[in-house]
Amino acid sequence: MKRCLRRTIWAYTATMILVAASGMYEAGVSAQESGNRQQSRAHVKKTPPSPQSAPAAAGQPQKFPPRTPFTGADDAVAGIPGIPDARFWADSETDFSRALPPQRGPWLILSTGGADGAFGAGLLAGLSAAGKRPDYAVVTGVSTGALMAPFIFAGARYDAALQAVYTQTSAADIFEVGGTGESFLDTWPLRELIAKQITPALLADIAAAHQSGRRLFIVTTDLDAGRSVVWNMGAIALHGGDAALKLFHSVLLASGSVPGAFPPVLIDVEGNGKRFAEMHVDGGVGGQFFVAPPALMASTSGYQIPADALYIVVNSGLQLDFQLVDRTTPAILAQSVSTAIKADLRILLDRAYVAAKHSGIGFNVASIPAGFKAPSRGAFDPDYMKALFKVGYDQGNSANPFADEPPPFPGPPASVTSVPQPGANR
């Protein structure tokens, strides 16, 4: 494509899937490109990947052992051995209510968005600088929102680490080209980046916040069950030890694992006396952000959200983005997915707005402003993310960082002029 769309990770990776599948994308790279990639991720990876994590040779998809069989009934009651309160089904109203904090307070909702998460990271840092950032009683995150949520939940002292992740990360720090047998790309660089950033010290701070009565919820999708799962990350952190840290890492990796593009993450569970591994993928499969179980968010529901206010950070622009689409499968898919995500975000925002009004609480939303036009050289371009982080920071540090209602539906793009045709209705 002649120019890059500012697209979410969903749109980008969907394009890569189609490119690879149609044979138009070469998994190999030139020697110079390969050397540049190795150099660019040297700060993340110091040892070669293990045989289990190394990508399969080109044209030779990795073969996996058969999965342990289990039933829907087994999965419905499955849990994490030793951490019974680690998670709950996202559609379970009872479990959701049980997991909520004992005290009311503001809730922070972080959306999907891939590299555009630089906006949310900057916004929260700007709120800190302005002295307008509370200790949110509940923080929820999906996909890129999940990756930033632990830093935000642990407090403003992690703003520098959050800024580094969203301004110094490149595509080579996220994925490597080459099929795994389960995906067209390999995310061992992202797995190692998560392991480097999510430290035992950070886990201890998250555990302390959980003990104080606050909650951190991350969403993944159980692909076997076709249901969203909410992970109580504070409860996991409170458990402590290597097992908890490993599970914490796995959940974060799973929440951003776009199916088909990135490998799924297998998580060991136990149900009905059986031990087996569930297959988890990106939480965005079930929705671009999470506030409460879907039935409770319905316009016909009388549910009262037990919060003082909702603050929703949309790591995406919602305006129309005109693009003369090339007549290729990847280009058509990229623009289609990008458009669909914006439509889904608007539906969810409207639902959250109605739920907030029914609950008598404040509604606040921030999204990438329509005026942001910085160019991008591709997925996870550090220069693009730095520019977007600054936009978010300035907005967070402004007098009005949030709007009190969803952004208005846009009209035709400003660059499009409607020219009446002869005989056309006026």
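**Close-up views of a predicted protein model**

**View 1. Aromatic pairs in the predicted model.** A search of the whole structure finds 10 aromatic pairs, where rings of Phe, Tyr and Trp (its six-membered ring) pair if their centres lie within 6.5 Å, and planes under 30 degrees apart count as stacked, over 60 as edge-to-face and the rest as tilted. The rings of F70 and F276 are stacked, because their centres are 4.1 Å apart and their planes stand at 15°. This pair links distant parts of the chain, 206 residues apart: F70 is in the loop between α2 (31-40) and α3 (72-76), and F276 is in strand β9 (residues 274-282). Helices (H or I, at least four residues) and strands (E, at least two) are DSSP runs, numbered from the N terminus. F70 is partly exposed, with a relative accessible area of 21%, whereas F276 is buried at 3%; buried means under 20% relative accessible area, exposed over 50%, and partly exposed in between (1.4 Å probe, protein chains only).

This is a predicted model, in which local features need pLDDT of at least 70 and side-chain atom pairs count only at pLDDT 80 or more, while totals for chains, interfaces and linings use all residues. Residues are numbered from 1 along each chain as its sequence is written, and side-chain values use heavy atoms, with hydrogens and water left out.

**View 2. An edge-to-face pair, Y353 and F363.** The ring centres of Y353 and F363 are 5.2 Å apart and the planes stand at 90°, so this pair is edge-to-face. Y353 belongs to helix α13 (residues 329-359) and F363 to strand β11 (residues 362-367), 10 residues apart. Y353 is partly exposed, with a relative accessible area of 22%, while F363 counts as buried at 2% relative accessibility. Not counting residues up to four places away in sequence, F363 touches L310, I312, L349, A352, Y353, A356, A403, D404, E405 and P406; contact means heavy atoms within 4.5 Å. F363 and D308 are 55 residues apart in sequence, and their C-alpha atoms are 9.6 Å apart in space.

**View 3. An aromatic cluster and two charges over rings.** One aromatic cluster is formed by F88, F96, W107, F217 and F290. R214 lies over the face of F153, at 4.3 Å from the ring centre. The charged end of R346 sits over the ring of F409, 4.7 Å from its centre. A charge sits over a ring if NZ of Lys or CZ of Arg is within 6 Å of the ring centre and within 35 degrees of the ring normal.

**View 4. The surroundings of K132.** K132 is placed in the loop between α5 (117-130) and β3 (138-142), and K132 is partly exposed, with a relative accessible area of 38%. A polar atom of the K132 side chain lies 2.7 Å from the backbone oxygen of S398, and a polar atom of that side chain lies 3.4 Å from the backbone oxygen of A399. A polar contact is a pair of N or O atoms within 3.5 Å; within protein, one must be able to donate a hydrogen and the other to accept it, and residues adjacent in sequence count only if both atoms are side-chain atoms. K132 and S398 are 266 residues apart in sequence and 9.9 Å apart in space, C-alpha to C-alpha. Leaving aside neighbours within four places in sequence, K132 is in contact with L127, S398, A399 and P401.

**View 5. T167 in helix α7.** T167 lies in helix α7 (residues 159-168) and counts as buried, at 6% relative accessibility. The side chain of T167 reaches the backbone oxygen of Q163 at 2.6 Å. Not counting residues up to four places away in sequence, T167 touches P382, M385, K386 and F389.

**View 6. The largest cavity.** The count comes to 2 cavities of 30 Å³ or more. On a 1 Å grid over the protein atoms alone, a cavity is a set of points where a 1.4 Å probe fits but cannot get out, and lining residues have an atom within 4 Å of a point. The largest cavity has a volume of about 310 Å³; grid points are joined across faces, edges and corners, and a volume is the space filled by probe spheres set on the points. The lining of the largest cavity has 21 residues, of which T144, L147, Y166, I174 and L190 lie nearest its centre. Helices α6 (144-154), α7 and α8 (188-197) each supply at least two residues of this lining, and α8 gives the most, with 4 residues.

Notes: 1 Å grid on protein atoms, 1.4 Å probe; cavity = no way out; pocket = protein on both sides within 12 Å on 5 of 7 lines; lining within 4 Å.
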